[in-house]
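Colleague: I have a model open and I want to learn how to read it. Please take me through it feature by feature.

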Amino acid sequence: MKNIKKYSLLLLLFALLGACNTKGTSPRVAADFNEKWQFYWADSIDSEMVEKDKVQWREVTLPHDWSIEMEYTHDNTAGCTGYLPGGIGWYKKTFTMPSKAKEKKTWIEFDGIYRDSKIWVNGKYVGGRPYGYSAFKIDLSDHLNYGEKANEIIVKVNRKAFMDARWYPGSGIYRNVKLVTVNPVHIAHWGTFVTTPEVSKEISKVAIKTSIVNEEQSSKNIKVTQQIKDAKGQVVKSSYSEVEVESGENTFKQELTIEMPSLWSDDDPNLYHLLTTLESDGKVLDEYTTPFGIRSIRFDAKRGFFLNGENKKLKGVCLHNDAGAVGSAVPIDVWKRRLRLLKEAGVNAIRTAHNPASADFMDLCDEMGFLVQVEAFDEWTVNKNKWIDDKPNAWKFDFGDKATGYAGLYEEWAERDLKDMIRRDRNHPSVIMWSVGNEIEWTFGYYWKTASSNQADFNKVLDKTSGGNLQLVALARQLHQWVKEEDTTRPSTAGEVLPQAGNLTGYCDAVDVTGYNYQAHHYDAHHEAYPNRVIYGSENWAQWQEWKDCLERDFISGVFLWPGISYLGETSTYPSKASRVGLMDIAGFKMPVYHFFKTLWNDEPSVYFATQRTADSHYLLKGKEIIENPQKKRPTKWHWADLNSHWNYENNESVYIEAYTNAEEVELFLNGKSLGTQRLKDNEDRLMKWIIPYQKGKIRAVAKTKGNVVAEYEIKTANKPQYAKLNLDQQKVKANGKDVVHVVAQLHDVDGNPVKHINKDIKFKVKGDAKIIGIDNGLTDNTNSFKADHCITSEGRVLLLVQAGKTEENVVVEALVDNIVIGESKFEMVNEF
């Protein structure tokens, strides 16, 4: 790339009133290209171009995941990807372009197509992308018809390799699409890079790097104006320069200072917007807006992570790409609900396991205040074995082309995929690390044969198993270098599952910051042996010990629990489509472990308890002491105790009760009678336990600190269900065809108590211009279609997702059992709030 020749001195200005003069409508047109696509699915048609006039198409709106629309099946599917079919999908769309666009440049932006996409425009192949998580653009300018003659775009998506991932990836054009038209002189795709090299509460520097493309034959004199706006839209700083832009791509750098900046943090996610304007001879050629935040990050080998100079623990979770009932084509409102619930638990960090997330998701992390580790790959040059049922230790088997993942793409695409990930996401203040891979050691056999701990013995094993070739380390160093070529402001990292071997090979130190997957037992020894290494828990069990190990060590920057929310796939027994792990289930319902970690990560006083038949629990009553059952020990890794949220058992039946709090003590009452008080400091595992004979009525926990009541929680015995209460997360949405209302139907008895021990098949009717896009009860073995209009409840509840249409009106949602309406609610759709 060429450097721009500066003709004039940089002029810095304060804007007193903050009005932005853009001189009219922006010449850049970035059109939403998601609507009115046609779709056709075929399990076997693998030609280069579908016989489009001989197949039956149906209309779809993007983002679209065809696999999630299909029925669960045991045929030609696998547990690793959630027992949903793959196959080949075809998309087509017709559109016109105005005549005046012929003198401009037009490209199409796909935020992600899973996977192996090929694209034709007006019958000519124009490109594609094999990696399903990469965002990319294709220049269409020379292939379009302009004026009245229509254009046709066809996209082929190939997921015949239905075991291509260790989790459910989705299928299709599952992220947003835009059609962008610009002048020949324009800001490049992902063409701005905003950093904040010096940050304080008094004054901060903002460095701006702008890439400008000149597709004309000669150089052009351009005025480049930069305006920084605050959250209210007020311009707080602006500058301009006169530059000569040569043919091709040019770079331009500026530095501005902001006095008394509003810093971005996880607690207070303040955002600014940079408006970049290109002008020539008084005419605006291009405008481009870049959201960014002013913040500083630093990792220290002895003291951990710092944000804006403040030492902060990463209270993180790992999240996969899907969102339960909507699969991988996730509306933004669905992510909003899920992230809001995680935020309420005290989560402040997210690892995008194990691939780049959508642009919408990243925007939300900026807006809601999450610190993000963006991860590129789960595989490098060797495919991992995938989970499948019907075979003992099936993950050890090679299933050939059906399980083809990223390995075949690495040599040609890894650099581009990694760098494109960074270029798309580098302006997000939420991003604090770039991860080049997850548990790649799986795929290099010698790592698993290095049981010895000394260098000499390790070298013998290495020579025997790999010929002394440390390909893993060489690849990691190359990936690290590619990261640094794009961004030197953030560290590289990797999730490592065998750091003891990484110490001997150098893999641990091939990246800036070393992630330990389930390796907390090595923290102390490795910190002592490698005192300059930055260590954090990149994947951790959702257990108290994992967080305790972090809290007790200043040098551990934080943890990322596996997972934050349960996900489809990575299972091995049909009909189980997922594992019941994480703080929330696949419907986004809170599980008991959510409440446990809330007491650790959210300072707001809270108390919660759950119940279980003692016979089903992991505990025994020995005299007056509650002890762990030696024949049925409590899970200590991925799973939590299987507890209930109800108070309905047989009279005098022995019941185990488990309470969590961040208060000093909890007193438990049954029908007003105290069952005793327990102090948090007396319970090393932070689990307050009671075993009592069951009596129906009300059981209540009262949490106190310094003798004052700070939180309460209660459950009442419920009778048979009489009606359903429908709780909506939004009462008013935009009539835009995109917004989503989450409807939770909970059974209640005649006295208004939630019924959580009896389940019913609830059917829903939606009256108005809105549609059902998903239904789920959160159970992993529920094979009811996510696109059905009914579902059996779990714990007496079910989640319905309703997407708004485009008509301003009220929408009524009815819940029915046996064709009798048992509940009703409504929401309003409006054009503008």
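Modeller: Start with the surface. The accessible surface of the protein comes to about 34200 Å², and 46% of that belongs to carbon and sulfur atoms. Such areas come from the Shrake-Rupley method with a 1.4 Å probe; for residues, only the protein chains shown count as cover.

Colleague: What should I know about the source of the model?

Modeller: The model is predicted: local features need pLDDT of at least 70, side-chain atom pairs count only at pLDDT 80 or more, and totals for chains, interfaces and linings use all residues. Residues are numbered from 1 along each chain as its sequence is written, and side-chain values use heavy atoms, with hydrogens and water left out.

Colleague: How many helices and strands does the protein have?

Modeller: It has 9 helices and 49 strands. Both are DSSP runs, numbered from the N terminus: helices (H or I) have at least four residues, strands (E) at least two. The radius of gyration is 28 Å, close to the 28 Å that the globule rule gives for 833 residues, so the protein is as compact as a globular protein of that length. That radius is taken over C-alpha atoms, and the rule is 2.2 Å times the number of residues to the power 0.38. The C-alpha trace spans about 90 × 70 × 60 Å along its principal axes.

Colleague: What share of the residues counts as buried?

Modeller: Of the 833 residues, 59%. Buried means under 20% relative accessible area, exposed over 50%, and partly exposed in between (1.4 Å probe, protein chains only). A contact means heavy atoms within 4.5 Å. Take the contacts with a separation of 6 or more: residues 24 or more positions apart account for 70% of them.

Colleague: How do I find empty space?

Modeller: Rolling a probe the size of a water molecule over the atoms shows where empty space is left. On a 1 Å grid over the protein atoms alone, a cavity is a set of points where a 1.4 Å probe fits but cannot get out. A pocket is an open set with protein on both sides within 12 Å along at least five of seven lines, and lining residues have an atom within 4 Å of a point. Grid points are joined across faces, edges and corners; a volume is the space filled by probe spheres set on the points.

Colleague: How much space lies in the second largest pocket?

Modeller: About 1200 Å³. Of its 50 lining residues, Lys590, Ser645, Lys756, Glu795 and Arg797 are the closest to the centre. The lining divides into 21 nonpolar, 16 polar and 13 charged residues. Here Ala, Val, Leu, Ile, Met, Phe, Trp, Tyr, Cys and Pro count as nonpolar, Asp, Glu, Lys and Arg as charged, and the others, Gly among them, as polar. E40 gives the most to this lining, with 4 residues.

Colleague: And how many cavities are there of 30 Å³ or more?

Modeller: There are 5. Of its 17 lining residues, Tyr114, Tyr131, Tyr133, Asp164 and Tyr406 lie nearest the centre. Asp417, in helix H3 (residues 410-425), is in contact with Tyr131 and Tyr406, among others. Asp417 counts as buried, at 3% relative accessibility.

Colleague: Last, the backbone. Which peptide bonds are cis?

Modeller: One is from Ala353 to His354, with omega near -15°. His354 sits in the loop between strand E25 (349-352) and helix H2 (359-368). Another is from Tyr574 to Pro575, with omega near 10°.

Colleague: Where does Asn652 lie?

Modeller: In the loop between strand E34 (625-628) and strand E35 (654-661). At 53% relative accessibility, Asn652 counts as exposed.

Methods
Lists of a residue's contacts leave out its neighbours within four places in sequence.
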